[in-house]
Amino acid sequence: MSGMRPTGRLHLGHYFGVLVNWVEFQSQYDSYFSIVDWHALTTKYENSQEIDRNILEVALDWLGAGIDPDQCTLYVQSGVPEIAELHLILSMLTKQNWVEREPTLKDMVRMLATDEEEAKDKLTYGMLGYPVLMAADILSFKGELIPVGKDQESHLEFARNLARKFNSLYGQGQEIFPEPKPRFTETPLLKGIDGQKMGKSFNNDIKLADTAEDTAAKVKKMITDRTRIAKSDPGHTDLCEVPWPFYNIFLPKESDAWLKVKTECETAQIGCVDCKKNLAVLINEYFAPIRERREKFVKDEAQLYKVLEHGNQKARKVAKATLAQVYEAMKMKNWSLNR
Ligand code: SF4
C-alpha cells in the first residue's frame, strides 16, 4: 500500500523514485495505490479548490507511467470514507506524545513557518494527526509491505505501534492488523535543471506531461561542467552537474552508448549544446509511450473518472470488511456499516 498527495503534475523525480517501483510491485503483490487528498488538506486547506484538478493530474500521470487498474487498486482516499472512520477510532488509541514526537512533523512545520509564532499558527489538529491518518490508510487494507524511502520510516513505526496496540487491546490473541513492514525503495536523487534537487516548487523540474518541445527547452538550460568554457575544452563527466547524471539513468553503465557519450565529452568531440540535444532526444524517446498513454486519458475524461470510481469501489469493499472486523473485535455494533 502506498499513496501520493495530489499537489500537482508529477515530474521525473517522482517517476524514477516512486512510480517505477510501483509498476514492478503491482505485478508481484495485491497492491493499493491511493491519491491521498485528505493528506493534501493538512497543508493546503486554504487552497482546497485546487485539489480536485490535482487528483486528476496525478491519476493521469500514474496511468501514463503504467499503473494498471486491472493489476492493482488505484483509488482516491476520500472516495473511501471508511478510512476516515478507522482514523477516528485509531485516534482514540493514540497518545498525545506519540504524535508530538514525530520527527517529520517538526520538519513539516519548519518548512511552513519561519518562526515559532508562525509555527503555532500553522500547526493544526489535522496536521498533528496526519500519522494517524496514514496509519488508517495502511491498516484499512491490512497493508503488509509499504514501499517507503528511509526518511519515511518513522511513519511506519507509528502505524506498527497502533496495529500492535489495537491487536493487544481487542485481538484476544488474534492479529486483526498485520504489522506493516517497510519495503525500502531506491530513490535515485534526480537533480533539477539548475543542479538542485528536482522539485516542482523550485521551477527546475521536467514533468511527465511536458511536451517533447518543452522537455528539449528545459534540457537546453541544464547546468553542465562549469569548468568547460570553450567547445574545444575537454569536458569532465564527473563535473557535469545535470546532463551526465541523467545519462546514467537512461543509458546502462559501461554500455556502448554510455561509453560513446563519455568519450566524446572527455575528448571534446562534442560540445555541451549538442550533447544536451542528444539527451533531450533520449528522454523524449523514453517518455513518448508514457505521454501517449496519458494523452489517451486526457482526451477521454469520462474513462478516467470510470477508472477512479471503479478503484474507489474496489477499495471500499476491502476497507468496509476491515472496519466490520474492527467493530466486531471491539464488541461494538457497526451502525454506519449497517446503513
Ligand atoms: S558534453 Fe555532455 S556530458 Fe560532457 S559536460 Fe557537456 S553536457 Fe556534460
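The following legends describe close-up views of one predicted model.

In this predicted model, local features need pLDDT of at least 70 and side-chain atom pairs count only at pLDDT 80 or more, whereas totals for chains, interfaces and linings use all residues. Residues are numbered from 1 along each chain as its sequence is written.

**Figure 1. Overview of the protein.** The C-alpha atoms fill a box of roughly 80 × 45 × 40 Å, taken along the principal axes. The protein has 15 helices and five strands; these are DSSP runs, with helices being H or I of at least four residues and strands being E of at least two, numbered from the N terminus. Of the 339 residues, 34% count as buried, a term for residues with 20 or more other C-beta atoms, placed from the backbone, within 10 Å of their own C-beta atom. Among contacts with a separation of 6 or more, 76% join residues 24 or more positions apart. Two residues are in contact if their C-beta atoms, placed from the backbone, lie within 7 Å.

Figure 2. Seven residues of domain 1 are in contact with five residues of domain 2. On the side of domain 1 that touches domain 2, helix α3 (residues 51-65) supplies the largest share, five residues. The residues of this side are five nonpolar, one polar and one charged. Here Ala, Val, Leu, Ile, Met, Phe, Trp, Tyr, Cys and Pro count as nonpolar, Asp, Glu, Lys and Arg as charged, and the others, Gly among them, as polar.

**Figure 3. The shell around the ligand.** The ligand is surrounded by 13 residues, of which Gly 235, Cys 240, Cys 265, Cys 272 and Cys 275 are the closest. The largest share, three residues, belongs to α14. By class, the shell has seven nonpolar, three polar and three charged residues.

**Figure 4. Strands β2 and β3.** Strand β2 (residues 32-35) pairs with β3 in the parallel sense over four bridges; pairing requires that DSSP finds at least two bridges between two strands. Tyr 32 stands opposite Thr 73 in β3. In a regular strand the side chains alternate between the two faces of the sheet. From strand β3 (residues 73-76), Thr 73 and Tyr 75 point one way, while Leu 74 and Val 76 point the other way, and all are buried.

Terms used. A residue is near a molecule or strand if its C-beta atom, placed from the backbone, lies within 6 Å of it. A residue is buried if 20 or more other C-beta atoms lie within 10 Å of its own, exposed if 12 or fewer, and partly exposed in between; C-beta atoms are placed from the backbone.
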